[in-house]
Amino acid sequence: MPRPSLPKSSRQNQVASGWADYEDSGRVTLLEMEGHQGFAPSDEDVAAWRGAAEPLHARCAEAVGGAGHDPDEVMSGLISELEARDSAY
């Protein structure tokens, strides 16, 4: 008999949010340790990385659409989560 489980998206959210919280706390821990420092990219760095990632973004959007999801909605959700965690550029 199959084991009952949460819908896939719920399981993914539970795992991902716990991992993200763990990662966030680790970043603070590392920055507080002697000999560690953070790096804030310049506007030029961010622009260069965005340009370099554009072909990948287009391929991902195509794959997401092919899987039956709205690529703009998925990307918007990702960006919202990154912004909520002060990790968006």
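What percentage of the 89 residues of the protein chain count as buried? The answer is 4%, where buried means under 20% relative accessible area with a 1.4 Å probe, counting protein chains only.

**View 1. The whole chain, a predicted model.** This is a predicted model, in which local features need pLDDT of at least 70, side-chain atom pairs count only at pLDDT 80 or more, and totals for chains, interfaces and linings use all residues. Residues are numbered from 1 along each chain as its sequence is written, and side-chain values use heavy atoms, leaving out hydrogens and water. You will find 3 helices and 0 strands here, in the order α-α-α along the sequence. Helices are DSSP runs of H or I with at least four residues, strands are runs of E with at least two, and both are numbered from the N terminus. The chain exposes about 7800 Å², with 57% of it supplied by carbon and sulfur atoms; the area comes from the Shrake-Rupley method with a 1.4 Å probe.

View 2. Helix H3 covers residues 71-84. Its 14 residues reach 20 Å from first C-alpha to last, close to the 20 Å expected, a span found as 1.5 Å times one less than the number of residues. At the start of H3, look for Asp70: one of its side-chain oxygens comes to within 2.9 Å of the backbone nitrogen of Asp72. After H3 comes Asp86, with a positive phi near 55°.

View 3. Asp21 sits in helix H1, residues 8-32. It counts as partly exposed because its relative accessibility is 44%, and partly exposed lies between under 20% (buried) and over 50% (exposed). Asp21 and Arg85 are 64 residues apart along the chain, yet their C-alpha atoms are separated by 9.1 Å. Their side chains are joined by a polar contact of 3.1 Å, that is, a pair of N or O atoms within 3.5 Å, one able to donate a hydrogen and the other to accept it.

**View 4. The second largest pocket.** This pocket has a volume of about 450 Å³. A pocket is an open set of points on a 1 Å grid where a 1.4 Å probe fits, with protein on both sides within 12 Å along at least five of seven lines; lining residues have an atom within 4 Å of a point. Of the 14 lining residues, Arg50, Ala53, Met75, Ile79 and Tyr89 lie nearest the centre. Helix H2 (43-66) gives the largest share, 8 residues. The lining divides into 11 nonpolar, 1 polar and 2 charged residues.

Key: Points joined across faces, edges and corners; volume = space filled by probe spheres on them. Nonpolar A, V, L, I, M, F, W, Y, C, P; charged D, E, K, R; others polar.
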